[in-house]
Amino acid sequence: MSLRLSFYGGAGKVTGSNFLLEGARGKVLVDCGIEQGADFAEKAVYGPFPYDPKTIDTLVVTHAHLDHVGRIPKLVRDGFGGKIYMTPPTKDLAELILRDSAGILREEAARRGVPPLYEEKDVDRTFHLIETLDYHTEKEVAPGLSAYLRNTGHILGSASVRIVDEDGVAVVVTGDIGNSPSPLLPDWEAVPDADAVVMESVYGDRLHTQKANRDALLKERLQKAVKRGGTILIPAFSLERTQLMLYELSNFFEAGDLPKIPVFLDSPLAIQVTEAYEKWGMTYFKPEAEDEMRREGSIFNFPFLKKTLSRTESMSIEQVPGPKIIIAGAGMSHGGRIGRWETRYLPNPSTTLFIVGYQAPNTPGRRMLEGARSVRLAGADVKIRAAIETLDGWSAHADRDELLKFAEAALSQKRPKIIFTALGEPSTERFLAQRIHDYLGARAVAAEYGETWEITKEAVNRL
Ligand SMILES: [Zn+2]
């Protein structure tokens with residue numbers, strides 16, 4: 001008996017995660033993400049799935065990021081009617097993310113005069129199919145196939161998925177692997193019990209050089225920014241990065257490392273996501289963070305934090321004199337409320353803008369990171385006289401050395417016959433595969449879109 005593994009997204013690409021596993025009697029899909037950075041009307045986003053969604057029994061989801069869940073409502077619209085399994089926090093977060101993206105997709109489609117990728121009613125039907133599956137619970141999810149989830153320490157609720165057939169042939173798809181240790185989440189768990197492992201490799205060829213002293217660096221740069229007296233802008237992804245920033249700020253204020261200046265969380269999505277973090281933190285954070293929550297009630301709140309949900313509240317931020325901090329999306333300054341504040345404050349030399357996350361090529365964030373003197377925002381050129389501070393230690397992804405450690409732990413019981421490097425740029429996937437081969441003596445292959453591999457107890461072969 002065997003399992004067949006096909007790569008239908010996230011192979012040679014960081015985004016668009018989509019892997020199909022077929023046993024003798026059942027078919028399970030792992031993730032159904034959207035390809036980000038692709039043109040909205042491109043085949044990868046709009047085109048048909050390379051399999052018939054009606055024939056898939058079940059979908060298992062690794063985590064709530066859009067590049068892992070973004071095409072689920074389209075899958076449902078195209079005929080998928082099975083159950084969708086994910087951890088309880090992922091369910092809450094995925095619902096927020098999908099609702100938010102349905103609105104953005106609708107506006108984008110209207111702007112281009114094309115039908116939307118999916119509609120609100122497809123999102124509603126998706127929610128009806130979701131069932132929760134907790135970590136460390138083996139469950140038969142399709143005929144002859146069971147699933148088992150483990151924490152990957154990437155964002156709240158993130159999981160690796162192990163699929164096992166009736167003969168015990170097992171394949172693990174890691175989803176994204178966290179930049180452990182995190183102040184909030186438990187460290188990633190090893191996956192030593194699979195015949196084949198599909199692992200992420202976003203930072204497979206790079207190190208997060210500032211990780212060890214990232215708290216001290218953030219504190220020092222913030223102190224410098226406060227002295228400049230102006231507005232401090234932090235463009236941040238709504239999921240995980242924003243909560244990490246709130247947590248760090250709350251600690252700095254409590255320790256008296258920063259003067260008590262107003263902080264605005266100016267993103268409706270980030271406000272809701274933070275509520276989900278508050279709700280699930282007591283169950284899914286690491287023990288130290290859970291203790292802290294028990295002692296302090298909230299670890300993301302502080303007295304002069306203002307959450308500006310409505311547009312009117314948001315506009316009122318402008319009346320508050322500096323120094324002040326504004327946290328808002330989008331994380332690469334490619335839309336969202338941060339754009340308005342960048343247009344307003346970047347020309348002012350007392351402003352400081354912090355870059356704390358990955359900035360994709362051709363985004364305003366990337367251009368600022370590369371030292372541009374002006375940037376195009378909402379159709380207008382904006383002069384940059386603000387200071388730009390870049391901090392690389394805050395990524396939610398494991399770096400080169402951490403990924404090698406993950407591979408080593410996966411190989412600890414000499415079980416996997418192959419490791420596929422996936423969810424990375426092609427050269428990065430090849431770099432990491434080569435490194436796993438050279439350093440750990442294991443067979444490692446960069447995943448290729450459209451390939452199918454057969455995995456048995458004895459061997460792994462490309463079909
Ligand atoms: Zn992710």
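**Strands and sheet**

I began with strand E2 (residues 19-22) and strand E3 (residues 27-30), which run antiparallel and are joined by four bridges. I noted one of the residue partners as well: Phe-19 is bridged to Val-30 in E3. I keep in mind throughout that this is a predicted model.

I then asked in which order the strands of the open sheet follow each other. I found eight strands, in the order E6-E5-E4-E3-E2-E1-E22-E23, with mixed pairing. The edges are formed by E6 and strand E23 (460-462), each of which pairs on one side only. From one strand to the next, I noted a twist that averages 25°.

I also looked up what packs on this sheet, and I found helix H5 (residues 120-129), which touches strand E5 (83-86) and E6 and whose direction makes about 35° with that of E6.

**Salt bridges**

I searched the whole structure for salt bridges and got 34 of them. I picked out a few to follow in detail.

The pair I took up to begin with is Arg-4 and Glu-454, where the closest N and O atoms are 3.9 Å apart. Since Arg-4 belongs to strand E1 (residues 3-7) and Glu-454 to strand E22 (residues 452-455), the pair ties together parts that are 450 residues apart in sequence.

I went on to Arg-162 and Glu-138, whose side chains meet in a salt bridge at 2.8 Å, N to O. Arg-162 is in strand E9 (residues 159-165), while Glu-138 is in the loop between strand E6 (130-132) and strand E7 (139-142), and the two are 24 residues apart. Arg-162 has a relative accessible area of 11% and is therefore buried, as the limit is under 20%, whereas Glu-138, at 40%, counts as partly exposed.

My next pair was Arg-344 and Glu-318, with 2.6 Å from N to O. I recorded Arg-344 as partly exposed, with a relative accessible area of 39%, and Glu-318 as partly exposed at 30%.

Finally, I wrote down a network in which Arg-99, Arg-106, Glu-120 and Asp-124 are joined by salt bridges that share partners.

Methods
Residues numbered from 1 in each chain as written. Predicted model: local features only at pLDDT ≥ 70, side-chain atom pairs only at ≥ 80, totals over all residues. Heavy atoms only, no water. Salt bridge = Lys/Arg side-chain N within 4 Å of Asp/Glu carboxyl O. Buried < 20%, exposed > 50% of the residue type's maximum accessible area, 1.4 Å probe, protein only. Pairing = 2+ DSSP bridges. Axes fitted to C-alpha atoms, helices over the stretch in contact; angles between N-to-C directions. Contact = heavy atoms within 4.5 Å.
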